[in-house]
Amino acid sequence: MVKYVLILMLCSGTAEQCFKPVKHEFLFEDYHSCITNGYNLSNNTLNTFGKPTVNSNKFYVKFMCVENMGENT
């Protein structure tokens with residue numbers, strides 16, 4: 001059965017660059033579970049920085065779900 005891994009990347013609109021992508025350690029059973037968790041984790045990530053930091057850096061999160069391709073993690 002195909003499983004999905006979530007990859008998130010924090011970006012700064014001010015610096016016009018993104019930080020190194022982070023691979024979520026959990027494998028999701030389907031694409032829907034992965035992508036909806038991506039939205040939740042993106043929101044949580046931005047909330048950890050707080051409103052002033054997010055505003056001044058214009059932070060945003062890019063994410064994608066990719067097939068695991070047989071890796072056993």
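Visitor: In which loop is lysine 58 found?

Guide: Happy to walk you through it. Lysine 58 sits in the loop between H2 and E4. Helices are DSSP runs of H or I with at least four residues, strands are runs of E with at least two, and both are numbered from the N terminus. Before going further, a word on the ground rules: this is a predicted model, in which local features need a pLDDT of at least 70 and side-chain atom pairs count only at pLDDT 80 or more, while totals for chains, interfaces and linings use all residues. Residues are numbered from 1 along each chain as its sequence is written, and side-chain values use heavy atoms, with hydrogens and water left out.

Lysine 58 has a positive phi of about 50 degrees, although it is not a glycine. Its relative accessibility of 53% counts as exposed; here buried means under 20% relative accessible area, exposed means over 50%, and partly exposed lies in between, with a 1.4 Å probe and protein chains only.

Now look across to the residues that meet this loop. Glycine 13 is placed in the loop between E1 and E2. Leaving aside neighbours within four places in sequence, glycine 13 is in contact (heavy atoms within 4.5 Å) with Asn57, Lys58 and Tyr60. Glycine 13 and phenylalanine 59 are 46 residues apart along the chain, yet 6.1 Å separates their C-alpha atoms. Glycine 13 itself is partly exposed, at a relative accessible area of 31%.

Serine 12, in strand E1, also reaches this spot. Not counting residues up to four places away in sequence, serine 12 touches Gln17, Asn57, Lys58, Phe59 and Tyr60. Serine 12 is buried, with a relative accessible area of 4%. Its side chain also makes polar contacts, meaning pairs of N or O atoms within 3.5 Å; within protein, one atom must be able to donate a hydrogen and the other to accept it, and residues adjacent in sequence count only if both atoms are side-chain atoms. A polar atom of the serine 12 side chain lies 3.3 Å from the backbone nitrogen of threonine 14 and 3.1 Å from the backbone nitrogen of alanine 15.

The loop between E1 and strand E2 (17–18) also holds glutamate 16. With 71% relative accessibility, glutamate 16 counts as exposed.

Strand E1 (4–12), strand E3 (22–28) and strand E4 (59–67) are among what covers the buried residues of H1. Those buried residues are Cys34, Ile35, Gly38 and Ser42. Because they cover an arc of only 90 degrees around the axis, they fall on the same side of H1; the arc is that of the directions from the helix axis to the C-beta atoms. On the face turned away from that buried side, H1 carries the exposed residues His32, Asn47 and Thr48.

Aspartate 30 caps the N-terminal end, with a side-chain oxygen 3.3 Å from the backbone nitrogen of histidine 32. After H1 comes glycine 50, whose phi is positive, near 85 degrees.

Stepping back, the chain has two helices and four strands, running β-β-β-α-α-β from the N terminus on. Contacts between residues 24 or more positions apart account for 69% of those with a separation of 6 or more. Of the 73 residues in the chain, 25% are buried.

How far can you trust the picture? The average pLDDT, the predictor's confidence in each residue from 0 to 100, is 93 for the chain, and 95% of the residues score at least 70. Confidence is highest in helix H2 (residues 51–57), at 98, and lowest in E3, at a mean of 94. Where pLDDT is low, the predicted coordinates should not be read in detail.
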